[in-house]
Amino acid sequence: YWPSVFCVEAADLKAQLTLGNGPKYLLVDCRTVEERQVSTLSAPGSIIISADDLRRQAADYVNAYDTIITFCTIGGRSGKFCEQFVDELVDNGHVGPERCDELRRKVLNVLGGLASWVHHRGGLVDGAGQPRNLLHP
């Protein structure tokens with residue numbers, strides 16, 4: 001993947017979300033609208049937004065959340081997004097270059113994406129929040 005992107009294991013994320021006493025996470029689904037309509041990860045009590053939503057309010061979200069966790073189907077697109085997002089924050093002047101390393105530890109990617117999430121028995125929900133046993137084709 002990308003050497004500058006820190007990752008979290010799906011099993012560890014699932015455990016933290018289940019316990020509910022971990023850091024304040026913002027979950028970012030980096031897949032297309034069509035893919036997200038089929039299903040996304042089930043994380044009751046957590047906020048899940050799109051990559052576009054994160055970009056639109058980058059500074060607000062970065063300041064409001066302890067950790068931003070990105071995911072996609074297998075982790076490739078979301079890993080690339082992590083790298084680009086932090087670079088954009090610096091390039092656009094939202095944060096100074098001295099905070100780049102700090103941000104790389106705050107914006108994480110789910111290693112293996114939704115495939116790993118499902119492998120570790122993480123649930124999926126559709127766009128209405130109803131349980132779903134289907135990942136986009």
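Is Leu-124 buried or exposed? I began with this residue and found that Leu-124 counts as buried, at 9% relative accessibility. I note at the outset that the model is predicted.

**Entry 1: Leu-124**

I located Leu-124 in strand S7. I then listed what Leu-124 touches, leaving out residues up to four places away in sequence. Among them are Ser-39, Thr-40, Leu-41 and Ser-42. The list also includes Leu-114, Trp-117 and Val-118, as well as Gln-130, Pro-131, Arg-132, Leu-134 and Leu-135. I looked up the separation of Leu-124 and Ser-39 in particular. They are 85 residues apart in sequence, yet 6.0 Å apart in space from C-alpha to C-alpha.

**Entry 2: Arg-121**

I next examined the loop between helix H7 (113-119) and strand S7 (124-125), where Arg-121 lies. The cut-off for exposed is over 50% relative accessible area. Arg-121 has 73% relative accessibility, and therefore counts as exposed. I also read its backbone angle: phi of Arg-121 is near 65°, a positive value in a residue other than glycine. I recorded this because most residues other than glycine have a negative phi.

**Entry 3: the sheet**

In what order do the strands of the open sheet stand? I traced 5 strands in the order S1-S6-S5-S2-S4, with parallel pairing. The edges are held by strand S1 (7-9) and strand S4 (47-50). Each of these has a single partner strand, so one side of each lacks a neighbour in the sheet. On average, neighbouring strands of this sheet are turned by 35° against each other, direction ignored.

I followed the pairings one by one. Strand S5 (residues 67-71) and strand S6 (residues 107-111) run parallel and are joined by 3 bridges. Ile-68 stands opposite Val-107 in S6. S2 pairs with S5 in the parallel sense over 5 bridges, and 4 bridges join S2 to S4, again running parallel.

**Entry 4: strand S2**

How many residues of S2 are buried? I counted 5 of the 5, so S2 is largely enclosed by the rest of the structure.

Helix H1 (residues 10-19) lies across S1, strand S2 (25-29), S5 and S6. H1 runs at about 75° to S1. H5 lies across S2, S5 and S6, and runs at about 170° to S6.

**Entry 5: Ser-78**

I selected Ser-78, which lies in helix H5. At 0% relative accessibility, Ser-78 counts as buried. Which backbone oxygen lies 3.5 Å from a polar atom of the side chain of Ser-78? I found that it is the backbone oxygen of Gly-75. Leaving aside neighbours within four places in sequence, I listed the contacts of Ser-78 as Cys-30, Thr-70, Phe-71, Cys-72 and Asn-109.

**Entry 6: aromatic rings**

I searched for ring pairs whose centres lie within 6.5 Å. The count comes to 2 aromatic pairs. Tyr-61 and Tyr-65 form a tilted pair, 6.2 Å centre to centre, with 45° between the planes. The cut-off for buried is under 20% relative accessible area. Tyr-61 has 17% relative accessibility and so counts as buried. Tyr-65 is buried too, with a relative accessible area of 10%.

Phe-81 and Phe-85 form a stacked pair, 5.5 Å centre to centre, with 20° between the planes. I placed both in helix H5 (residues 76-91), 4 residues apart, which is about one turn of the helix. Both Phe-81 and Phe-85 are buried.

Conventions:
Residues are numbered from 1 along each chain as its sequence is written. This is a predicted model: local features need pLDDT of at least 70, side-chain atom pairs count only at pLDDT 80 or more; totals for chains, interfaces and linings use all residues. Side-chain values use heavy atoms; hydrogens and water are left out. Rings of Phe, Tyr and Trp (its six-membered ring) pair if their centres lie within 6.5 Å; planes under 30 degrees apart count as stacked, over 60 as edge-to-face and the rest as tilted. Buried means under 20% relative accessible area, exposed over 50%, partly exposed in between (1.4 Å probe, protein chains only). Helices (H or I, at least four residues) and strands (E, at least two) are DSSP runs, numbered from the N terminus. Two strands pair if DSSP finds at least two bridges between them. Axes are lines fitted to C-alpha atoms, for helices over the stretch in contact, and angles run from 0 to 180 degrees between N-to-C directions. Contact means heavy atoms within 4.5 Å. A polar contact is a pair of N or O atoms within 3.5 Å; within protein, one must be able to donate a hydrogen and the other to accept it, and residues adjacent in sequence count only if both atoms are side-chain atoms.
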